[in-house]
Amino acid sequence: MLKIKKLALAAIISSLLASTQTVAEQSNRNKLPEIGAAGFSALSIEKERQIGDVMMRQVRASQPLMQDPVLIEYINHLGNSMVKNARDVNYSFKFFLINNNELNAYAFFGGHIAVHSGLITTADTESELASVIAHEISHVTQRHLARRMEEQSRSQSLTMAGMVSGLLLTLINPTVGMAALSTSMAASQQASINYTRGNEKEADRVGIELLANSGFDPGGAADFFGKMAEKYRYKSMPPAMLLTHPVSEARITDARLRAHNMPMIKQPPSLEFELTKARITARYQKDAVYNIDYFQRQLNKRAYALKEAAQYGLALSYFENKDYQKTAQILEPLYKNDANNLFYVDVLSDLYIQTKQFDQAFKMLARLNKLMPNNQVVALNYANVLHEAGKNEEAEQLLQDFLLVKPGNFIAYDLLTSIYKKQKKQAMMHVAKAEVIALLGGYSRAVDELQTAYTFADEKPLVKKRIRARILQFQAQEEKIKRL
C-alpha cells in the first residue's frame, strides 16, 4: 500500500494554499474578524471543501485508518445524528476512525472529523463520546481553522502556506505540529494561544448546546474533561488531545455550569456504543487469549454496562483465536434475538466463510440486502462471501451497483481489485487498483495503473474509452490541485 510520510501532508497543503497569500496580504491587518463572516476572505467554503478532500486522501495514506465497515457505520451515524441539529452546516460531514490508543480527535477542512479508537474505549458513556464529537463539529461549523488563519494573516507577516502547515500538523501530530507552529509564529505566540483559547471556549459552548439538542446528556462534556484531567494530572507528557485542547479547572467548571442550566437528560446505556467498545477491544487491542480472559471476567463478575456487549466481545475474541465452535455458541443466539444487528451479522459472515457455511451466509445477507439496500456493512460482507464462495461474477455486480450509490468507497474498490484478479480480468483489476491509489492521493501512480489497464484492454473499445476518460479526469484533478 502507498506510504506517505506525515510531513508530506503539510507540504501538500502548503502548496494548495499558496495562492491565497496575496489576498490575505492585501487585507486590512488592523481589522478584527466579524463573527459569522470571519474566515471567508482567507479561505472560501469551496476551497475548504477541495482542500479537505485532498487532505483526506493524504490522511488515508499516512494514518492507520480503521477500514472497518461496522465501525465506520457507527461513528458516521453518531456524528450525523448531531450534525442534523447543528447550525451553519455548509457541507456534508465525514467521520473516520484512527487505530490509535492515544486520546485524540480533530477536525479539518471540509467537514472531516477524526476520532482515535482510544477515545472510544476510554469513554464510559455514549454521551461522553458524543461530547467530543459535538465539540469537533462545532470547530467546523464555526470555521475556526479559517478564522484563525485570517486572524494571523492580519497580525503577522507570515505566508498563508506557512501558517497552515503548522496548524494542520498540530491537528494530526501535536508534538511535531507544535514545533512547526512555534518556528513560524515566534513573533506572536501568545496572541495565537489566546485566539486558540477563544476557539475552544466557543466550541465548548456551541458543542454542549448541540449535545443537549441531539438528546445526549449535556453533562457528558464535563465528565469527560474531568476524567482526562484527573488521569493525566501528574503525567509529564499529556495525550495529544490535551496539547490541542487544554483542560483547566475553569473549563471543567464552565462546562458543568452550562450543563446544569440545561434540561437533564439521562440516557440508558447504548447497545451500539457498548458493542463498538467491545469490537475495538477484541479486534484491535491486545491478543485473543488476553481478550477471552478479559470478557469472561466481565461476564463472571457482571462488570458490564450491557451483557450482550460483553458476550459479543467474548465471541469475537474466540473468533480471533480461531475457536469457531465457541464463537457460534455465543453469537448465534445473539443474532436470533436481534437479527438486524449489523455487529452480529458482520462476525457471522466471517464465521460462515471460515466454516464454509456459504448457504447460511447467503440466506442471512440476501434478506438484509433487500431490507437495507446499499448499506455498506451488508453490501461489502455479501460481496466478500460471494467472492470467497467462488461466485465472483455476482460479487462484481454487487460491488459495481454499490459504487454507483456510494462512490469512492475504499473498501469496495480494494475488494473489487481482488475479485478482478481472481477472474483474471487484468484491465479491470488495474482500473480498480488505480481508484484505490487515487483515494490515497497518488494521482500520478493512479494514471500509471490506468495506462497499464489500457494495454490489457486491446479488444474492448468501450473499456478503453472509459480508461482514457478516467486518465483525463485524474490528470485534471491533479492540475486543479496545483491551481488551488
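Modeller: H22 passes H23 in a left-handed crossing, meaning that the near helix is turned anticlockwise from the far one by less than a right angle. This is a predicted model, where local features need pLDDT of at least 70 and side-chain atom pairs pLDDT 80 or more, while totals for chains, interfaces and linings use all residues. Residues are numbered from 1 along each chain as its sequence is written, and side-chain values use heavy atoms, without hydrogens or water.

H22 covers residues 410-423 and H23 residues 426-439; helices here are DSSP runs (H or I, at least four residues) numbered from the N terminus. Their axes come within 8 Å and cross at roughly 155°, with axes fitted to C-alpha atoms over the stretch in contact and angles running from 0 to 180 degrees between N-to-C directions. The two helices are therefore roughly antiparallel, a label for angles over 145 degrees.

On the H22 side, the contact (heavy atoms within 4.5 Å) includes Phe410, Tyr413, Leu416 and Tyr420. Among their partners on H23 are Met428, Met429, Val436 and Leu439. By class, the residues of this contact are 9 nonpolar, 1 polar and 4 charged; Ala, Val, Leu, Ile, Met, Phe, Trp, Tyr, Cys and Pro count as nonpolar, Asp, Glu, Lys and Arg as charged, and the others, Gly among them, as polar.

Now for the loop between H22 and H23, where Lys424 lies. Its phi is near 60°, a positive value in a residue other than glycine. Most residues other than glycine have a negative phi. Lys424 counts as exposed because its relative accessibility is 68%, where exposed means over 50%, buried under 20% and partly exposed in between (1.4 Å probe, protein chains only).

In helix H19 (residues 358-371) you'll find Phe362, which is buried, with a relative accessible area of 14%. Leaving aside residues up to four places away in sequence, Phe362 touches Tyr382, Val385, Leu386, Ala389 and Lys391. The C-alpha atoms of Phe362 and Tyr352 are separated by 9.5 Å, with the two residues 10 apart along the chain.

Definitions and conventions
Parallel < 35°, antiparallel > 145°, perpendicular 65-115°, else oblique.
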